[in-house]
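Reader: I'd like to learn how to read this structure feature by feature. Show it to me first, then let's begin with accessibility.

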Amino acid sequence: AETIRHSADGLLGLINDILDFSKVEAGKLQLESIPFAPAALLHDILALLAHQANLKQISLATELDPALPGELLGDPGRLRQILLNLVGNAIKFTQAGSVTVRLESRPVLGRDDQVRLYLTIRDTGIGMTPETIANLFSPFEQGDASTTRMFGGTGLGLSICKRLVELMGGTISVDATPGAGSTFIVALPFNVLNAGLPAP
């Protein structure tokens with residue numbers, strides 16, 4: 001039964017990846033603009049992934065910027081998808097050590113109603129070569145054939161992440177060293193809920 005469940009989860013993930021990739025490529029993906037609490041969203045995601053980290057005896061840590069706004073306006077579903085993919089990958093490719101997720105905000109010059117949210121995901125995993133990084137966000141790419149055989153995956157997740165980030169007006173970058181871990185940095189603009197309103 002456990003094997004069947006894992007197979008079903010894998011198939012569902014593949015179908016969802018292909019559907020999302022097709023929507024983005026066709027320009028049919030619509031973004032929401034609703035209130036959400038970024039700290040709570042990150043907490044929920046790490047709670048979902050904690051079991052995977054515990055099974056591998058990996059430390060899963062959070063760093064929250066004290067200046068992080070309590071609520072933002074944007075698409076929490078797509079932000080959740082990006083974080084689940086990046087943090088899930090960090091756990092998958094880390095055999096020992098830690099995965100740390102930092103969430104911080106910085107003001108946008110000339111805009112008191114907007115911030116730029118920075119998500120930094122650092123791991124102590126297998127790292128990557130410059131050649132791997134060059135192709136990392138291409139569809140169906142996942143390092144090399146040996147990596148795919150060892151860790152599995154469709155190679156669509158990061159490609160979808162990059163397209164979602166760009167659709168949301170942001171950027172994504174990676175810095176990695178073979179055998180010494182990887183760091184992904186995502187920067188996304190969000191409107192601040194109730195910005196500029198006087199305190200009650």
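Author: Here's the scale: buried means under 20% relative accessible area, exposed means over 50%, and partly exposed is in between, using a 1.4 Å probe and protein chains only. You're looking at a predicted model, where local features need pLDDT of at least 70, side-chain atom pairs count only at pLDDT 80 or more, and totals for chains, interfaces and linings use all residues. Residues are numbered from 1 along each chain as its sequence is written, and side-chain values use heavy atoms, leaving out hydrogens and water.

Reader: Why does Ala39 count as partly exposed?

Author: Because its relative accessibility is 33%. Ala39 sits in helix 2; helices (H or I, at least four residues) and strands (E, at least two) are DSSP runs numbered from the N terminus. Apart from residues up to four places away in sequence, Ala39 touches Leu64, Leu68 and Leu103, where a contact is heavy atoms within 4.5 Å. Ala39 and Leu68 lie 29 residues apart in sequence, with their C-alpha atoms 8.0 Å apart.

Reader: What pattern does the protein follow along the sequence?

Author: Reading along, you get α-β-α-β-β-α-β-β-α-α-α-β-β, which comes to 6 helices and 7 strands. Of the 200 residues, 40% count as buried. Among contacts with a separation of 6 or more, 75% join residues 24 or more positions apart.

Reader: And how do I read a core?

Author: In soluble globular proteins, nonpolar side chains tend to be buried together. A nonpolar core here is a set of buried Ala, Val, Leu, Ile, Met, Phe, Trp, Tyr and Cys residues joined through side-chain atoms within 4.5 Å. The largest one in this model has 43 residues, and Leu79, Leu83, Leu86, Val87 and Ile121 have the most contacts inside it. At least two of its residues come from each of helix 2 (38-55), helix 3 (76-92), strand 4 (98-108), strand 5 (111-123), helix 6, strand 6 (171-176) and strand 7 (182-192). Helix 3 gives the most, with 7 residues. Take Leu79: not counting residues up to four places away in sequence, Leu79 touches Phe36, Leu41, Leu117, Leu119, Met168, Leu188 and Phe190.

Reader: At what angle do the axes of helix 2 and helix 3 cross?

Author: Axes are lines fitted to C-alpha atoms, for helices over the stretch in contact, and the angles between N-to-C directions run from 0 to 180 degrees. Helix 2 and helix 3 cross at roughly 30°, their axes coming within 10 Å. That makes the two helices roughly parallel, since under 35 degrees counts as roughly parallel, over 145 as roughly antiparallel, 65 to 115 as roughly perpendicular and the rest as oblique. Helix 2 makes the contact with residues including Leu41, Ile45 and Leu49, and helix 3 with residues including Leu79, Leu83 and Val87. The contact residues divide into 13 nonpolar, 2 polar and 2 charged, with Ala, Val, Leu, Ile, Met, Phe, Trp, Tyr, Cys and Pro counted as nonpolar, Asp, Glu, Lys and Arg as charged, and the others, Gly among them, as polar.

Reader: How does helix 3 pack with helix 6?

Author: At about 145°, with axes 10 Å apart, in a left-handed crossing. From helix 3 come Arg78, Gln81, Ile82, Asn85, Leu86 and Asn89, and from helix 6 Gly157, Leu158, Ile160, Cys161, Leu164 and Val165. Those split into 7 nonpolar, 4 polar and 1 charged.

Reader: What about backbone angles?

Author: Most residues other than glycine have a negative phi. Gln57 has a positive phi, near 55°, and lies in the loop between helix 2 and strand 2 (59-64). Gln57 is exposed, with a relative accessible area of 72%. Gly169, following helix 6, also has a positive phi, near 85°.

Key
Left-handed = near helix turned anticlockwise from the far one by under 90°.
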